[in-house]
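Colleague: I'd like to learn how to read a model like this one feature by feature. Could you give me the general idea each time, then the case at hand?

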Amino acid sequence: MFSNYLIGLREGLEASLIVCILIAYLVKTDRKDALQPVWAGIGVAVALALGFGCALEFGSQELTFEAQEALGGSLSILAVVLVTWMVFWMRRTARHLKSELHGKLDAALAMGTGALVATAFLAVGREGLETALFVWASVHAAGDGTPRPLIGVGLGLATAVLIGWLFYRGALKINLAKFFTWTGAMLVVVAAGVLAYGFHDLQEADWLPGLNNLAFDISGTIPPDSWYGTLLKGVFNFQPDPTVLQVTVWALYMIPVLALFFAPVGFASGKGKVKVADEQGSQPSKASHSSRD
């Protein structure tokens, strides 16, 4: 349940902040006439995300067991790819998200109502589709047949909306760069479990071999139906009897991704160019100053 709460909080807060930035900019620039098309674009994006989630859930129920496992495994891998890209992208752009959205909104205002709807739709729609896909994959990986994963997602989204509203009202100030860094790292851990379970689904669909080749089996020590087994399953997608392929995929994903995510230089932090400029004795650019703020 906690992992699903984290997904709902993280993804929901991104969307909430985007909405707050768009609305606040229009209000401060005295363009309240543009609020209606922006809200229309946001509404269409939310409806699309909900429809996509329903299509995944109810559409998969009509498939055979092997087809369900193949679909679940494939979409789990796709969800992990998208979420991994998202956490790295947000870590690089969290400080500059407001100015980037303001620029897009200025261009849309100059083009007219349709452009405003499209801008709001694209800004929120991407987050909504990513959320729907990753939530579905995480719930599918949990597979405990209870509503707890969906409750966790709902609580996370509700918390995100509340934080977004407080942020908009000026009642709450948060360091977005640090917030998205630490929640991104936790999301990488969750994604590693979803990825491992996705490969297990492909093994059950007979797309990959090694279903009976277990890395270890500690079901006697950590029963899946115990409270601590359920807790580990809910937080880390832990499985007491994983296959060798699952453990291998989990390690090959999580260790290098976390190392890159916390790297002091490189594409994860965007500090490499600043170091080169300093070594050459050149004056730091405006972009370099912004990356150090």
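Modeller: Let's begin with accessibility: a residue is buried under 20% relative accessible area, exposed over 50%, and partly exposed in between, using a 1.4 Å probe and protein chains only. By that rule W182 is exposed, at 55% relative accessibility. Before going on, note that this is a predicted model, so local features need pLDDT of at least 70 and side-chain atom pairs count only at pLDDT 80 or more, while totals for chains, interfaces and linings use all residues. Residues are numbered from 1 along each chain as its sequence is written, and side-chain values use heavy atoms, with hydrogens and water left out.

Colleague: What share of the chain's residues is buried?

Modeller: Buried residues account for 45% of the 293 in the chain.

Colleague: Next, secondary structure. How many helices and strands does the chain have?

Modeller: Helices (H or I, at least four residues) and strands (E, at least two) are DSSP runs, numbered from the N terminus. Here that gives 11 helices and zero strands. Take α2 as a case: its 26 residues reach 38 Å from first C-alpha to last, close to the 38 Å expected at 1.5 Å a residue. The expected span is 1.5 Å times one less than the number of residues.

Colleague: Which residues of α2 are buried?

Modeller: They are L35, P37, V38, G41, I42, A45, A49, L56 and S60.

Colleague: Where does UniProt place the feature "transmembrane region"?

Modeller: A word on such records: positions are given in the numbering used here, feature names are shortened, and annotations may be inferred rather than shown by experiment. The unreviewed UniProt entry puts that feature at residues 38-58, 70-88, 108-129, 149-167, 179-199 and 247-267. In the model, residues 149-167 are 100% helix and 0% strand, with end C-alpha atoms 27 Å apart. Residues 179-199 are likewise 100% helix and 0% strand, and their end C-alpha atoms lie 30 Å apart.

Colleague: On to pockets. How much space lies in the largest pocket, and which residues lie nearest its centre?

Modeller: The search runs on a 1 Å grid over the protein atoms alone: a cavity is a set of points where a 1.4 Å probe fits but cannot get out, whereas a pocket is an open set with protein on both sides within 12 Å along at least five of seven lines, and lining residues have an atom within 4 Å of a point. Grid points are joined across faces, edges and corners, and the volume is the space filled by probe spheres set on the points. The largest pocket comes out at about 1300 Å³. Its lining has 46 residues, with L50, T131, A132, V153 and L157 nearest the centre. The elements giving two or more residues to that lining are α1 (2-28), α2 (35-60), α3 (65-93), α5 (113-142) and α6 (148-169).

Colleague: Which element gives the most to the lining?

Modeller: That's α2, with 11 residues. For residue class, Ala, Val, Leu, Ile, Met, Phe, Trp, Tyr, Cys and Pro count as nonpolar, Asp, Glu, Lys and Arg as charged, and the others, Gly among them, as polar. The lining of the largest pocket has 27 nonpolar, 15 polar and four charged residues.

Colleague: How many aromatic pairs does the structure hold?

Modeller: Rings of Phe, Tyr and Trp (its six-membered ring) pair if their centres lie within 6.5 Å; planes under 30 degrees apart are stacked, over 60 edge-to-face, and the rest tilted. The structure holds three such pairs. One of them joins F88 and F261, edge-to-face because the centres are 5.5 Å apart and the planes at 85°. F88 sits in α3 and F261 in α9 (residues 244-261), so this pair ties together parts 173 residues apart in sequence. F88 is buried at 6% relative accessibility, and F261 is buried at 0%.

Colleague: And where do W182 and F262 lie?

Modeller: W182 is in helix α7 (residues 176-204) and F262 in the loop between α9 and α10 (272-279), so their pair ties together parts 80 residues apart in sequence. Their ring centres are 5.5 Å apart with planes at 45°, so the pair is tilted. F262 is partly exposed, at 36%. Ring pairs link F88, W182, F261 and F262 into a cluster.

Colleague: Last one: backbone angles. What is the phi of D30?

Modeller: Most residues other than glycine have a negative phi. D30 has a positive phi of about 60° although it is not a glycine. D30 lies in the loop between α1 and α2 and is exposed at 62%.
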